[in-house]
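Biologist: Could you walk me through this one slowly? I would like to ask things as they come up.

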Amino acid sequence: MKQWPLVLLGFVAIAAWPLLTDDVFLQRLGALVLLAAISASAWNLIGGYAGQVSIGHSVYFGAGAYASLVLYTQLGWPPIAGAPVGMLVAMALAAVVGTPTFRLRGHYFSMATIAAAELARILVANWKLLGAAVGLMGPPVPRSVVDLSFISPVPYHYLFLAVLVVLLGLTWQMQRSRMGYYLAAIRGGDRAARSLGVPVLRYKLYALLLSAAFTSLAGSLYVVMVGFIDPDSALGILISVKMVIVAALGGSGTLFGPLIGAIILVPLEETTNAVFGGSGTGVTYIVYGAIIVLIARFRPGGVADLWRSITVRMARRAA
Amino acid sequence: MILLQVVVSGLLMGAVYALFSSGLTLIWGMMNVVNFAHGDFVMLAMYAAFFAFTLLHLGPAFFIPGAAAVLFVLGVVVYLGLVRHVARGPMLAQILGTFGLALVLRYAAFWAFTANFVSLPDNLVGGTFDIGGLRIEASRLLGGVLALAITLGMHLVLTRTMLGSRILAVAEDRNAAMLMGIRPDRMQALAWGVGAASTGVAGALIAMFFYISPTVGESLSLIAFVVVCLGGFGSVPGALVAGLGIGVIEALSAYLIGAVYQDVVVYALFLLVLWVRPQGLMGTA
């Protein structure tokens, strides 16, 4: 990797971001970018590296979000303490739902994940313990520092950055290990991978478990910051869509693709929301949809692919 | 008696499901690509019927073929502008292409028509029939019967005409069909047009007795997936049987368990079938 200085510079810039501005909107934007980068990087493990395009990752996001708040409302736990529980629940769900689903390839897999996520959303929307259609609220006033309820977005920024660094570190390790090559083979095609002796189902499951755990963590972090959850904001199809589009825009199956996608998309989304007000969400998703279509049509590799072709061309010109 | 009533209304709704699912299965069988925007095509057709009636004062005899024509054009345009290109790309592009299209259509409708539910007047086609104690709304009866007839017609065209044979030849083996002097690109565009036109008719029919909203397409897409999956990928008769079956199952579960859970039953069934028989109940491939 010759681009290490660039990567280091990028992370220094991200770390310094909240110190460069006093504007709460911009500080909050930084935290939201990192959160989106976490969940998209988590999706990337199964959707990008293993090439299994899940459009139902809201199930795992919801597992984390709901675990955090239901343990608060029922047992009075601080929301962040529910995160490990959520991760376990998400991994259990991944094992139960994923194992049979993995025999499906391509489109079938995507359709199954959409159906599973819709199923979860409807069930939760009718489940009293989980607040049904109304949802759940976190602690209205912080009881202690452990509730991680801050007025300023800055502490969240560093919390999310820490999680993202851990996740990307793990992903990098994975990418260089045997698993990275196995997943690349699976991405290229199930049958070919199997004929090369890759234990396809097992490695798909490993990737999904890791992916589910971190997506769930992102859900917990989301409620720690926002303090409220309902079936649409935790389990709606748009939650899954956002992970897919952030990763695909940046470059799915690349280490930094999801982060790049988040840096482009989240400010766009927050700006349209701010400009169009309440009706902004609709406009945001028109833009999202259009971006997805354009990526699919012209650059399936995303920004990372664009970057690669530019650097290759520059290298060729230099030579 | 109530149970019979439920089954009959399930069958009538199921016939409409069968109609637009046949369109999906046709596209799918042709090129192994899923139209994730299929339900949103139905939604567009519903709005097309609604505005044809409210703005242009056109009755069902005009707005049903009208919606079919509009959607046919949309289908061909989507194929030429998008699907033809992404079909050659990686899996991610194939899935995201029509999925992104679904988002654009859904939220553009949301933006243009607002989230409010609208509906056509109840008495658009006659009132309610009383057949041996069964009460059936005329609009539902018309919808069910017409949908059934068109689905069967589609099957006949595919199996009994030269054009149908050409389409099926491309579905079976693109290269071999090309060697026989068939232009696959043209046939695939046609399949997209016909597939979308089926959503046009279905949407116009549903609009006569169902509320219209921008997000209605989401669950209709899933229903189409379920039907196609149950009926076997690429099989119109399969879609017909499965569509009727899903209509009945949905109506029965709404009646026996509760309307909120009707989708839960259908989706759970879908996952079960995918897991147990990924090739579909009646499929072979």
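Biologist: How much area do chain A and chain B bury between them?

Modeller: Chain A and chain B bury about 3700 Å² between them, and 81% of it is on carbon and sulfur atoms. Buried area here is the accessible area (1.4 Å probe) that two parts lose on being put together, summed over both. Please keep in mind that this is a predicted model, in which local features need pLDDT of at least 70 and side-chain atom pairs count only at pLDDT 80 or more, while totals for chains, interfaces and linings use all residues. Residues are numbered from 1 along each chain as its sequence is written, chains are lettered from A and ligands numbered from 1 in the order in which they are written, and side-chain values use heavy atoms, with hydrogens and water left out.

Biologist: And how many residues of each chain are in contact there?

Modeller: On the chain A side there are 39 residues in contact with 43 residues of chain B, where contact means heavy atoms within 4.5 Å.

Biologist: How many salt bridges are there between the two chains?

Modeller: The count between chain A and chain B is zero, taking a salt bridge as a side-chain nitrogen of Lys or Arg within 4 Å of a carboxyl oxygen of Asp or Glu. Over all chains, however, a search of the whole structure finds eleven salt bridges.

Biologist: What does Asp190(A) pair with?

Modeller: The side chain of Asp190(A) meets that of Lys204(A) in a salt bridge, at 3.0 Å from N to O. Asp190(A) lies in helix 8 (residues 190-195) of chain A and Lys204(A) in helix 9 of chain A, so the pair ties together parts that are 14 residues apart in sequence. Helices (H or I, at least four residues) and strands (E, at least two) are DSSP runs, numbered from the N terminus.

Biologist: Staying with helix 9 of chain A, how does helix 2 of chain A cross it?

Modeller: The axes of helix 2 (residues 24-49) of chain A and helix 9 of chain A come within 6 Å and cross at roughly 160°. Axes are lines fitted to C-alpha atoms, for helices over the stretch in contact, and angles run from 0 to 180 degrees between N-to-C directions. The two helices are therefore roughly antiparallel to each other, given that angles under 35 degrees count as roughly parallel, over 145 as roughly antiparallel, 65 to 115 as roughly perpendicular and the rest as oblique.

Biologist: Which residues make that contact?

Modeller: Among them are Leu35(A), Ile38(A) and Trp43(A) of helix 2 of chain A, and Lys204(A), Leu208(A) and Phe214(A) of helix 9 of chain A.

Biologist: What about helix 7 of chain A against helix 9 of chain A?

Modeller: Helix 7 (residues 178-188) of chain A packs against helix 9 (residues 200-226) of chain A at an angle of about 110°, with the axes 10 Å apart. That makes helix 7 of chain A roughly perpendicular to helix 9 of chain A. Residues that meet there include Tyr182(A) in helix 7 of chain A and Lys204(A) in helix 9 of chain A.

Biologist: Over to chain B: how do helix 2 and helix 4 of chain B pack?

Modeller: Helix 2 (residues 38-54) and helix 4 (residues 91-113) of chain B pack at an angle of about 30°, with their axes 9 Å apart, and they are therefore roughly parallel to each other. The contact includes Phe41(B) of helix 2 of chain B and Leu105(B) of helix 4 of chain B.

Biologist: Where is Asn32(B)?

Modeller: Asn32(B) is in the loop between helix 1 (2-31) and helix 2 of chain B, and its phi is near 55°, a positive value in a residue other than glycine. His57(B), which is not a glycine, also has a positive phi of about 55°, and His57(B) is placed in the loop between helix 2 and helix 3 (60-86) of chain B.
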